Amino acid sequence: MKEFYSQMNKKIYYKVVSIIIVLIMIGLLVDNPRFYELGVGYILHSILSIILIACLLLYPKYENLTFRIIIMAVTTAFLYAIFFLYQGTVSNFIFLCFIPAISILFFDSKLFYFSLMLNTLSISFTFSYILLFDKENLYFYFKQDLIGNLINFIGSQAIIYLIYHLSYVRIKKQHLYYEQLQHSERLKTTGQLAAAVAHEIRNPLTVVTGFLQLYNEKDTPFNNEIKGHFDLMIAELNNAEQVIAQFLAIAKPDKNKKMELVNVKVVLQSITELLKSYGLLHDNTIDLNVDEDCFISINHIEFKQLMINIIKNAMEASKLGDSVIIKTVRKNHFVEIKVIDYGYGMSEEELKSLGTPFYSLKSNGTGLGLMICYHIVEKYNGTINFQSSKDTGTTVTIKFPSKNNVVAGLLL
Ligand code: ADP
Ligand code: MG
C-alpha cells in the first residue's frame with residue numbers, strides 16, 4: 001500500500017516537474033529580450049535554469065533535508081535573478097512573495113523556516129538595492145509606493161506562515177490519530193492471541209507445578225539438593241503463570257471490574273506507601289504533589305495497576321538516589337497525572353515501540369506492563385503520552401475525564 005502511494009506521488013511529482021521545466025524553457029527561449037545579446041545575464045539565467053531542472057529531476061533519488069535546502073536555495077536564486085534581469089516583467093515580484101510557499105510542499109518545518117528567513121533577507125537586500133542604486137529608475141513601479149509594496153510583501157509572508165501553520169497542525173493531528181489507530185489494532189490482535197495461547201499453556205503449567213509441590217513435601221524420597229531444584233522450578237513456573245495472568249487480564253474483560261468514583265490523591269498516596277519498600281531498595285524517593293479535588297471514574301484496582309506500572313518503570317530508569325515526581329492537577333474537564341523521572345530516558349525509536357507486547361530493554365523485564373497500561377487508559381477514555389530524551393529523563397502524562405467534585409464530595 002505504501003509503495004503504491006509513493007508510486008502515485010512520484011507520478012504526480014514528475015508530471016508537475018515536467019510542466020515547471022516546460023515553463024522554465026519557454027521563459028529562457030521564447031521572446032526573451034536578452035536572448036540575442038547572449039550577455040552575462042542570459043548566461044546566468046541559463047545556468048540557474050539548468051541547475052534548477054537538474055535538482056528537480058534528481059530530488060526523488062535524494063529525498064533528504066540537505067537536498068531540499070539546496071533546491072530551495074537554487075529556486076530562490078533563480079527567481080531573484082529573473083527579478084533583476086527582466087525589470088519589465090512586473091509580475092516577477094509575485095514569485096518572490098511566494099517562495100516560502102514552495103517549501104510547504106516538502107512538509108518539513110526546518111526547510112520552511114529556512115526559506116522564510118532566506119526570503120526575508122533577500123527581499124531586504126532587494127528593497128535596499130532599489131532604493132539606493134536604481135539610478136535609471138528601472139523599478140519605478142516599486143518606488144512609486146515603496147511602503148505599500150513592503151507591506152504587501154510582509155502580508156504575503158504572514159499569510160503563507162498561517163497556511164503552513166494550520167496545515168502542519170492538521171497533519172500532526174492526523175498522524176497522531178493514525179498512530180492511535182495502529183495501537184488499538186495491535187491491542188486487539190494481542191488480546192485474541194492472548195486468549196488462545198494462555199489457555200493452552202496454563203493447564204499443563206498448573207499440572208507440573210502441582211506435582212513439583214507434591215514431590216517437594218517433607219516425606220518424599222528426594223534429598224535437599226534436589227528439593228532446592230524443585231523450589232527453583234516452582235519459582236520459575238510461578239513467573240510464567242504471572243505473565244499469563246497479565247495476558248489474560250487483557251484478553252478477558254472482567255465483568256466484576258466495575259467503575260467507581262476514585263479519589264486520585266488517596267490512591268496515589270496508598271501506592272506511594274506500597275512502593276516505598278521498593279523505592280528504599282533502590283534508594284529512590286517519590287515526590288507526591290496532588291491537587292485535592294481530583295476525582296475520576298475508573299475501577300480502582302485497574303487504576304492502581306496502571307499507576308504502579310508507570311511509577312515502577314520510572315524508578316527502574318532512575319539513577320540511585322534520584323526522586324520520581326508525581327504531579328496531579330485538575331484542569332477544566334480532565335485530571336492530568338504526570339510521572340516525571342530523570343533517568344536514562346528513551347530515543348525516538350524506543351518511544352515508538354512502547355506498548356508493543358514483550359518489548360523490554362530490561363534483562364528481567366516482561367515487556368507487558370505498558371501494554372496493560374495502554375489498555376486500561378483506552379478502556380476508561382483516557383490518554384497516555386510519553387515525552388522522553390536519552391539520558392535526560394521521561395515524563396509520562398496520563399489524562400482521564402474528571403468527575404464533578406460536588407458529586408464526588410456527596411458520594412464519598
Ligand atoms: P518492562 O518494565 O517489563 O520492561 P514495560 O512494558 O513496563 O516492560 O516497559 C517497556 C520498556 O519501556 C522498558 O523495558 C523500558 O525500556 C521502556 N521504558 C518504560 N518506561 C520508561 C521510563 N520511565 N524511562 C525509560 N525507559 C522506559
Ligand atoms: Mg515495567
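A: The following account begins with the aromatic rings and then turns to the helices. The model is a predicted one. A pair of aromatic rings is described by the distance of the centres and the angle of the planes. Across the whole structure, a search returns 34 aromatic pairs. One of them joins phenylalanine 93 to phenylalanine 142 in an edge-to-face arrangement, with 4.9 Å centre to centre and 85° between the planes. That angle counts as edge-to-face because it is over 60 degrees. The pair links distant parts of the chain: phenylalanine 93 belongs to helix α4 (residues 92-104) and phenylalanine 142 to helix α6 (residues 140-143), 49 residues apart. Both phenylalanine 93 and phenylalanine 142 are buried.

A second pair is formed by phenylalanine 112 and tyrosine 164, which are stacked, with 3.9 Å between the centres and 10° between the planes. Here the angle counts as stacked because it is under 30 degrees. This pair also links distant parts of the chain, since phenylalanine 112 lies in helix α5 (residues 109-133) and tyrosine 164 in helix α7 (residues 146-215), 52 residues apart. Phenylalanine 112 is buried, as is tyrosine 164.

Phe93 and Phe142 are also members of one aromatic cluster, which includes Phe83, Phe84, Phe125, Phe127, Tyr129, Phe133, Tyr139, Phe140 and Tyr141. Another ring, that of tyrosine 86, has the charged end of arginine 34 sitting over it, 6.0 Å from the ring centre.

The helix packing may be considered next. Two packed helices are described by the angle between their axes and the distance between the axes. The axes of helix α2 (residues 40-58) and helix α3 (residues 65-85) come within 10 Å and cross at roughly 155°. The two helices α2 and α3 are therefore roughly antiparallel to each other, and α2 passes α3 in a left-handed crossing. On the α2 side, the residues making the contact include Leu44, Leu48, Ile51, Leu52 and Leu56. On the α3 side, they include Phe67, Ile70, Ile71, Val74 and Phe78. Gly41, His45, Ser49 and Cys55 of α2 also take part, as do Thr75 and Ala77 of α3.

Burial is described for one further helix. Helix α12 (residues 369-379) is mostly covered, with eight of its eleven residues buried. The buried residues are Gly369, Leu370, Met371, Ile372, Cys373, Tyr374, Ile376 and Val377. Just after α12, asparagine 381 adopts a positive phi of about 55°.

Definitions and conventions:
Residues numbered from 1 in each chain as written. Chains lettered and ligands numbered in written order. Predicted model: local features only at pLDDT ≥ 70, side-chain atom pairs only at ≥ 80, totals over all residues. Heavy atoms only, no water. Phe/Tyr/Trp six-rings, centres within 6.5 Å; stacked < 30°, edge-to-face > 60°. Helix = DSSP H or I, 4+ residues; strand = E, 2+ residues; numbered from the N terminus. Buried < 20%, exposed > 50% of the residue type's maximum accessible area, 1.4 Å probe, protein only. Lys NZ or Arg CZ within 6 Å of the ring centre and 35° of its normal. Axes fitted to C-alpha atoms, helices over the stretch in contact; angles between N-to-C directions. Parallel < 35°, antiparallel > 145°, perpendicular 65-115°, else oblique. Left-handed = near helix turned anticlockwise from the far one by under 90°. Contact = heavy atoms within 4.5 Å.
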